[in-house]
Amino acid sequence: MYLRSLDYLASPTAKLVFQLTSDIPKMVFKLSVLVTLSCLTGFALLALPVMGVPSLSSDVADNTLADNVNDVNLGTILADATDESLNLAPKDLLQEAPPINSRAPQATFIGCTIQQQRIITTAVEESRSLIIPAHQFAAVPGNFNSRRFRTWFGAFNITREITVLHNLERMAAANFNTWVHTCGICTSTTQGADFDRTRYGQLSYCPFFWNEGPISRINVLVSRLVQFDSIAGVGNFVTGAQASRDLAISNPNRAIDNAYSYVYFVRNNPPL
């Protein structure tokens, strides 16, 4: 009996059983790796259509999973889907959108030299920097009866004050970026810019504009702005500081309809 057992252990059958038994742990490990890779690969293939990558046909997918699972590299699939198919690198996803104001319309210059464009742009910026705080001042309750207000628009009257405040509000909200500036056409030596009050923001600059200093250029832009029909549509009855003061006393209803009354109120120089 003992010798028969030894003979069995030495037989080819016993050797085969022993080999298979010793290989079971290795086979289990390989099988677990195979299952894991299959699950991950299946997840990647299912995720590709969601990311916008054309999906594989069912036949190709089946063949890939069944026959080529050992050759599948999950990192390569995801990298290809990100960099090539979507054409999106991580840095692209983090880039900020351009500022909205970068798409804003820009002023148009016709026949103006670079130097003239700079002069106009500076005058526009300086005018805007005065108009906005002037409106803010007028919007404060009680400032209707201030010395500044009475000097240029006359004694307190609620109807007049509402009109002035409305006009200043529209001036402060004006969009200078849509203006069209034309140079070299107007030949007048008595006015700074020719314009049509029905065509907002279109100015044709005259020699007077170039020959005067920064203050006169602000006067021109503010007076033209408030005369456009879409802003206030006021008239131009008198010019000059003293004439505007006299108008506020003698005829305040006309003062609130006079372009240069707004010019001096906006500039407020010397401060009142």
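Which residue lies over the face of Phe 137? Arg 148 does, at 4.7 Å from the ring centre, where a charge is taken to sit over a ring if NZ of Lys or CZ of Arg is within 6 Å of the ring centre and within 35 degrees of the ring normal. Arg 148 also lies over the face of Phe 265, at 4.5 Å from the ring centre.

The structure is a predicted model, in which local features need pLDDT of at least 70 and side-chain atom pairs count only at pLDDT 80 or more, while totals for chains, interfaces and linings use all residues. Residues are numbered from 1 along each chain as its sequence is written, and side-chain values use heavy atoms, with hydrogens and water left out.

The protein contains 13 helices and four strands, which are DSSP runs numbered from the N terminus (helices are H or I with at least four residues, strands are E with at least two). Of its 272 residues, 33% count as buried, a term that stands for under 20% relative accessible area, with exposed meaning over 50% and partly exposed in between (1.4 Å probe, protein chains only). The accessible surface of the protein comes to about 16,700 Å², and 59% of that surface belongs to carbon and sulfur atoms; such areas come from the Shrake-Rupley method with a 1.4 Å probe, and for residues only the protein chains shown count as cover. Among contacts (heavy atoms within 4.5 Å) between residues at least 6 apart in sequence, 64% join residues at least 24 apart.

Leaving aside residues up to four places away in sequence, Ile 218 touches Ala 123, Glu 126, Ser 127, Leu 130 and Arg 267. Ile 218 and Arg 267 are 49 residues apart in sequence, yet their C-alpha atoms are 8.7 Å apart in space.

Helix H6 has 25 residues, which should span 36 Å at 1.5 Å a residue, and its end C-alpha atoms, 37 Å apart, agree with this. The buried residues of H6 include Ala 123 and Ser 127, both of which Ile 218 touches.

A search of the whole structure finds 16 aromatic pairs, where rings of Phe, Tyr and Trp (its six-membered ring) pair if their centres lie within 6.5 Å, and planes under 30 degrees apart count as stacked, over 60 as edge-to-face and the rest as tilted. Tyr 200 and Phe 228 form an edge-to-face pair, with 5.4 Å centre to centre and 65° between the planes. This pair links distant parts of the chain, since Tyr 200 is in the loop between S3 and S4 and Phe 228 is in the loop between H10 and H11, 28 residues apart. Tyr 200 is partly exposed, with a relative accessible area of 24%, whereas Phe 228 is buried, at 0%. Tyr 260 and Tyr 264 form a tilted pair, 6.0 Å centre to centre with 50° between the planes. Being four residues apart in helix H13, they are separated by about one helical turn, and both are buried.

Notes
The expected span of a helix is 1.5 Å times one less than its number of residues.
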